Protein chains: 2
Amino acid sequence: MNLKNLYKLFRNSKIKSFDKEDAIIAVNSKEKNIFFIRKGIVRSYIINEKGEEVTFQVYAETNIFTNVHSILFNEPSKFTYEAIEATKVYVIDYDLFLEITSKNPNLLALNRTYFGKRIIKRAFQRSESFVFLSPEERYKKFVKDNPNIVNRIPDMYIANIIGITPVSLSRIRSRIVSKND
Amino acid sequence: MNLKNLYKLFRNSKIKSFDKEDAIIAVNSKEKNIFFIRKGIVRSYIINEKGEEVTFQVYAETNIFTNVHSILFNEPSKFTYEAIEATKVYVIDYDLFLEITSKNPNLLALNRTYFGKRIIKRAFQRSESFVFLSPEERYKKFVKDNPNIVNRIPDMYIANIIGITPVSLSRIRSRIVSKND
DNA sequence: TTCATTTCTTATCTTTTGTTAAGTGGTTGT
DNA sequence: ACAACCACTTAACAAAAGATAAGAAATGAA
């Protein structure tokens, strides 16, 4: 699978722009679009029982995001997907996407398994990180895996993503700094 | 998708038996079989840098397990898959599985997306549980989601799976008991 | 049954995390 | 430039978790 074919596919689809803080997919939505991020950053989050936003994931340039709950589980979205920065995305309807890719041999590899594998790899490796790594190790891994994102989003989002509080992340960061002296 | 077709497929495949503690898939293996558990329980685990076994997941009757690292990521298995009890599994080669299911309309739905979705749903919801739930809530969810497993495996495996130590799980359990008084 | 091994619990101590709140610094919008 | 807001840090305290060890309970093997 290569990014070139992917890009080719999305280049001919609708492009949409969102301002910072715009919702791209609303909570409870059942829409089944695939979004390819050309520019910007998007996060998925829920509102918990205390009324606080909890960020689950972030997506940046060349990443794909979709309403996973609808596409994979056929349920309404648990998350709101929101632009963190001004964001441009290519949008393509999921069914149309399947139709196009299944007819074009050059795009066949892009078919549903490709997305499945991309998403599952991410989800699976993330599960592994919670079982095998400490919070500090998860933070270091996040920084290493997302060098192009880490300085563009609030630390509180990162804290949520790795499953700790913002205060705890701040302490981990200062501990790391003091170790390097 | 229904279990009946799945069962039909596996019924005609090889059946293998394993004793307790037998390895079914060895660490670093690249084999691409799909296993359907007819009887017994299987766990996947790693040996960490301290030489301790850390259990990642358990699978019981009617569950499917595979060498995820090989099938999805084309890498050698990070895990050993081991029978916890005497276990009987139906085994089918992944490529053969794809061939059969793609030719038989009744089995088409079983095709790779089905397994992809089953595995991804599990991985995804598990990631969610680490971000949105506390250790105690994760334990309660595990018990609720796995009533047929929880009393058949050591608590230390459950502790690993939900990302805490066995000692901590023991304390959580006693806290839950004392609340119910 | 008896002995050996493994798991579970409990205790102690240390470390980390959660919670709340206050203060600092930076950003945004008017 | 100024005020208002937001994120980050730090502090203080409480709660939970990690590490280690010892004893109890359960399991398995002879």
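Strand 1 of chain A and strand 8 (residues 87-93) of chain A run antiparallel and are joined by five bridges. Here, strands are DSSP runs of E of at least two residues and helices are runs of H or I of at least four residues, numbered from the N terminus; two strands pair if DSSP finds at least two bridges between them. The model is predicted: local features need pLDDT of at least 70, side-chain atom pairs count only at pLDDT 80 or more, and totals for chains, interfaces and linings use all residues. Residues are numbered from 1 along each chain as its sequence is written, and chains are lettered from A and ligands numbered from 1 in the order in which they are written.

**Sheet of chain A**

An open sheet of four strands in chain A has the order 1-8-3-6, with antiparallel pairing. Its edges are strand 1 (14-18) and strand 6 (64-66) of chain A, each of which pairs on one side only. On average, neighbouring strands of this sheet are turned by 35° against each other, direction ignored; axes are lines fitted to C-alpha atoms, for helices over the stretch in contact, and angles run from 0 to 180 degrees between N-to-C directions.

**Contact between chains A and B**

Chain A gives 25 residues to the contact and chain B gives 25 residues, where two residues are in contact if their C-beta atoms, placed from the backbone, lie within 7 Å. On the side of chain A, two or more residues come from each of strand 5 (53-59), helix 4 (112-132) and helix 6 (155-161). Helix 4 of chain A provides the largest share of that side, 15 residues.

**Surface near DNA strand C**

A residue is near a strand or molecule if its C-beta atom, placed from the backbone, lies within 6 Å of it. There are 17 residues around DNA strand C, of which A:Pro135, A:Val167, A:Ser168, B:Asp155 and B:Ser170 come nearest. At least two residues each are supplied by helix 5 (135-145) and helix 7 (166-179) of chain A and by helix 6 (155-161) and helix 7 (166-179) of chain B. The largest share, six residues, comes from helix 7 of chain B.

The table gives the two surfaces by residue class; Ala, Val, Leu, Ile, Met, Phe, Trp, Tyr, Cys and Pro count as nonpolar, Asp, Glu, Lys and Arg as charged, and the others, Gly among them, as polar.

| Surface | Residues by class |
|---|---|
| Side of chain A that touches chain B | 14 nonpolar, six polar and five charged residues |
| Surface near DNA strand C | eight nonpolar, four polar and five charged residues |
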